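Let's take a walk through this protein together, one stop at a time. Keep the picture open as you read.

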Amino acid sequence: MMKFRFRRQGTDPQREKIKQELFAFSKTVEHGFPHQPSALAFDPKLELMAIGTKSGAIKVYGSPGVEYTGLHADTTAVTQIHFLPGQGRLLSLLDDNTIHLWELVAGAPREVGGAKREGVVCLQEVDSYILPGRPGIESCSATRVTVLLLLRSSDLLCIGTEGGGVYFLELPRLSLKDNQTLLQDQVMQSLPDDYRCGKSLGPVESLQEHPRQPGKILIGYSRGLVVLWEMSTRHAEQLFLGKQQLESLVWERSGNIFVSSHNDGGYSVWAVTNGNTYNHQPVSSTIPYGPFPCKAISKILWRTSQTGSPVLLYSGGMPRASYGDRHCLTLQRDKEHVTLDFTSRVIDFFTVHAVEQENEFDEPSAVVVLLEEELVVIDLQTPGWPSLPTPYLAPLHSSAITCSFHVSSVPPKLWERLVSAGRAQQGRQHAHGKWPICGGKNLAPQPRHQELLLTGHEDGTVRFWDASGVALTPLYKLGTANVFHTDCDPNDEPQDPSDDPDMQQEEEEEEEWPPFRKVGCFDPYSDDPRLGIQKISLCKYSNKLVVAGTAGQVIVLGLSDERSDHSVDVSVVDLLQDREGFTWKGHDRLEPRLKAASFPPGFQPQTLVQCVPPASVTAVALHAEWNLISFGTSHGFGLFDYHRRNAVLARCTLHPNDSLAMEGPLSRVKSLKKSLRQSFRRIRKSRVSGKKRPVTTPTSKVQEANAALAEQEDVAPIQRRIEPRSADDSLSGVVRCLCFADTFLRDGTHHGATLWAGTNSGSVYAYALEVPGVGSGRACERGGGGGGESGACVEAVLGKEIQLMHRAPVVSISVLDGRGKPLPDPYEASQDLASAPDMTNAHSVLIASEEQLKVFSLPKVSAKTKFKLTAHEGCRVRKVALVVFGSTAQEDYCEHTLVCLTNLGDMHLFNIPGLRPQVRYDCIRKEDISGIASCVFTKNGQGFYLISPSEYERFSLSAKVLTEPLCCVQLDRPLEPTLASDGTTTQANGTHKNQTGQAEGQTEEPPSSMSSPILDTPLDSPLSCADITLDSTGEITVEDVRDFLTTVDEAENNLKNIKEEEGRSTGILIN
C-alpha cells in the first residue's frame, strides 16, 4: 500500500486535451515597415509589390490583408527583385551573386485550431543559380551580376555583369544558354577606333527590352556606350556613343527614342533611327539643376500621356554644394515641376501605368517610392500630385517608439470618433484615390471586435493604429507638444503669405529652386527629448486617456469632436515630500503653456500634472469611474483627482542610498559603467556578508530566521535558490506598477476603493481610498463626479505595507475576486458590460516579482500559494498579464490564465489562483533585450513585440484567437504542390504561420525558407538580428544588460523545466 505514496503524479489526459484546445503558440504576422529595405519590384498584371531587405527577406504585398513572406537561407542582402508577370513567380538577386526563383505553391492541407484547412498556398524558393567564372580569369568580379532584365515573354533572363558580359538564362529552369552569351570583346570589335581608345567599356549598368520589337535589347555600359542588340542575329544594330558615365536607361513607349541618365546630374534623349549604325550625339541633353556640379541621376522613367506632355521622373540630380545631402525624386510634366524631398534615402521607385501592348500611352496613375524608412505613394491623376495614405507599411518608427498599449473590443462609438478625427487630420495633405497595389483577395472574415494599438513616441506623440487585422492601419495621431513651450513651438506658426501682399510679392520674386516639397512622415528628430511618452492608459468606456512622459508630465485627455481653444489646468506634485539630502541633477521640467491654445478634434488635454523632481514616469494607472489617476517615478508615487483638480497623495519611496535616482534618465547612459561596477560590488559583498556580524534589530532577526530555514529546507531539483538582494540597491525606489481595485483591505466585510503600488526593492504599498459616491450604491457619472458631492475630497489611508524578503522588483499587482478571477475594468460591472465580481467570498492579491509569483489572501495578506521562477542563473520575470483563453472545442468555455514573459524570452502560462504551470513556449531570443522590453499582451491571448525599430511581430498564445493572413491570388499558371525529396510538401512563409491563396503558409522547414514553426518551442523571427538597437522601447535596466552578458552555460541551465514548489514562504509581512 505504501509503495505508491511517493510516486510522481502522472499527466491527466483530459487536462492535456483541454490545454490543446486552449493554448497554441504561433507567430502570425509582422506589422509595420520592413527593416533596412534594399530592393523593390511590381507585378502590373497581379498588382502585387515585393520588397527585399538586407537580411534576406522577401515580402510580397497586395490589397490590405494580402501578404506573403519568404526568407533566403543566408541572411544576405537582396539587391534586385523581378516578377514574372501574372505567374506568381519572382526572381531575386542577392549580394553574394546568387539568383533565386520563388513561386507561390500549393501545400498540403493541415489542421489549425482543430479545423482542417484546404488549399494552403505559400511563397517558396524553388531554384537558385550562380554564374560560373570565366575560364582563365581568377577574379570572380568579372561575372558579378550588376543588372537583370526579364524579357516580356518571361522565358529568358538577361544578366549584365561587372566584366561587361551579358548572359542569358532560360526560365523557369535557370539553365545558361552558352550560345547566346555576349562578351564585351564582341562589342568592342563593332566600335570605331577613335571611341575605343584602349579603354574598357566598364560594367553593364542597364538592360532594357525594346517596347515594340521583341528580341531587341538596349545594353548600357558604365563608360556611356549604349548598344541596341539584336538577339536573333547576334549583332549590334545601332551604337550610341555616349561620353558621360551612364547610370540608367528607359525606353519611350513607341520605341523611337530612349532616355539615358548620367552621373553628372543630367539626362539625354536619343533617337533610334534605321540605317544609321553610329549615333554620336543625343537629340537633347539637359542638366535640370545645373549649371553647378550635381549628383548623379541614379534612375529615370519616361511615361507618355494622352495630354501630350510626357511625365518625367528621376531620383537624384541635386546640386552637390547646396543640396547634396537631400534625398529627392523629381516629377516633371510640361511646366509642372516638383522636387519631392524625403527624410530618408530613395531605394527604388516604379510607376503604376498601362502595360498592355494595345494601349498607345502609358497614362501613369501613381508613383510608388520605396525609401529607407517608409513607403510613399504619389497620386499622378489628381492635380497637385498629392500623396496617398498608406493602408499598411506605415512607418511605426516615424519617431522612435518608446511604449505601447493595446485596447481590445473597442466600442463602435469610440472607433467612429477616432476615425473621424483621423480623417480631419489628413485634410488636404492626402488624396483619397484608390490604393494602387490592390492585387489578390483578402479572405479573412471581418473581425468581431475592433482592436487598437497605441504607440508612444520620442517626439511626444501618441499614434492610434487599427490592429484588428493583418494590415496595421494608422487611424489618428495625438500630439502633446502644444501643451508646453518648446524650442520649436507648434503654435508659433509662420504668417500666411496670402495675408500680406508684400510678403506674397517677395515670395514670387524669390521662388525657391529646386521647388522642394516635403513628403513622408518619417521624422527621427525630436524637438525636446523630455516630450517622450513613457506610459499610456486609455479607458474605452469613458474616453479618458492618460499619457505620461520623460520629464514627469502626466496629461489627462478627453475626446471631443470639435476644435477647442482652452487652457490646460496645471498641478505640481512634490514626490520627495521635503526629504533632505536629495538634489535633482537631471533635466528641468517642461514649461507648461498657461495661455489658451487651439486643440483640433480628437483627444484634447484637460489636466496636466507635473512630478517634482521631473523624473521619467515609470508606472501609471487610470480609474475613470472614480476620476482618479496614479503615477510613479523613481522617487515615489502620487494619486490625483482630475475631476476636482487636487492631489490626494504623494509618497516618497527613495532609499537613503538612492543617489542614482537623482540623475535622471537622460544622464543614465553616463552612469551605466557606474551601475555595472555597483552590481559587481554587490555580488562580492554578498559573498563575504556571512563573515560580518549584522546589527541586531527585529527585522534582521526575522531575516536570520528565514535564512536559517532556507538553508535547512531541501530545494526541489526543478527550482533554484533565490539570492537575497541588498536593501541599498541603486534605483530601489523606482515604482514599477500601480493598480486600482475595489476589494477588502481593512476587514473582511466592508470592501472599498484601494490603490496598490509596487517598487523596485520589493515593497508593496496598499492604500484604502475614500471616494465620494463609491460604496454607497451610487455610481459616479461617466466622465465626471456627482454634482452634489463636488465639495467632498478623495482621501487615502495606508492600509498595508508588504516587503518581499528577497527584495525582488515587483513587476505586477492584480486583485482577484472570490472566484479567483480578475476584477473587471472600470464601468464594466456598473454598466453591465461584464459579470459582476464575487464580493461574497474572500479576495486575494497576486503579486508578481522578478523572481516569483505569489498569491496573498485579503484582507489579512497571508500567503496562499507561490511559484518560484528564478534563481542564481538569471531567469527573471519581465512582463506579466492576465489573459482569457477561449476553447476551440466549446464556444462558451474559457479560462483565466497568467502569462509571464522572462528575460530569456520564453512564455510561461499559469492557471489562477492556483499558479499551476500549464505550458511554456520559446518566443523571443534572450539576446533581444529591446524585443522583450517592448512586449505587450492583449486580453485575448495575443501579443506584440518589436523585432526592429520599425516592425512589430504579432504572436498568439491562443488556439482560438489568431490574426493571420488569409488570402488568394488568381495566377496565369496552375498552382501545383511542390514536393520535397522525401515526398512531403514543403512551404515557406516567413514568420507568418498562415499566408495565401486560401493562404496560410506553414513550413516543414525547407533549407531556403523563412518559416514559422508550430512546435512547442518555436524559433524567433530571423529579422530580429542581434545587432539591432532601438532608441527606446521600454524599461531597459542594468539587469537586462547583465542578462545579455550571461554565459552559454548559464543560459543552458536556465532552460530547465520549472515546476511548482511546495516550500515555505520567502516573504516578510511588515504591516
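**A helix and what covers it**

L414, W415, R417, L418, V419, A421 and G422 are the buried residues of helix α5, where buried means under 20% relative accessible area with a 1.4 Å probe, protein chains only. Before we go on: this is a predicted model, so local features need pLDDT of at least 70 and side-chain atom pairs count only at pLDDT 80 or more, while totals for chains, interfaces and linings use all residues. Residues are numbered from 1 along each chain as its sequence is written, and side-chain values use heavy atoms, with hydrogens and water left out.

Helices here are DSSP runs of H or I with at least four residues, and strands are runs of E with at least two, numbered from the N terminus. So what lies over those buried residues of α5? The cover includes β33 (401-410), β35 (450-457) and β47 (602-612), among others.

How far apart are the end C-alpha atoms of α5? They sit 21 Å apart, which agrees with the 21 Å that its 15 residues (412-426) should span at 1.5 Å a residue; the expected span is 1.5 Å times one less than the number of residues. Just after α5, G427 takes a positive phi of about 50°.

Next, hop over to P319, in the loop between β26 (311-316) and α4 (320-323). P319 is buried, with a relative accessible area of 11%. Leaving aside neighbours within four places in sequence, P319 is in contact (heavy atoms within 4.5 Å) with Y289, P293, C294 and G324. P319 and D264 are 55 residues apart in sequence, and their C-alpha atoms are 9.8 Å apart in space.

Definitions and conventions. Buried < 20%, exposed > 50% of the residue type's maximum accessible area, 1.4 Å probe, protein only.
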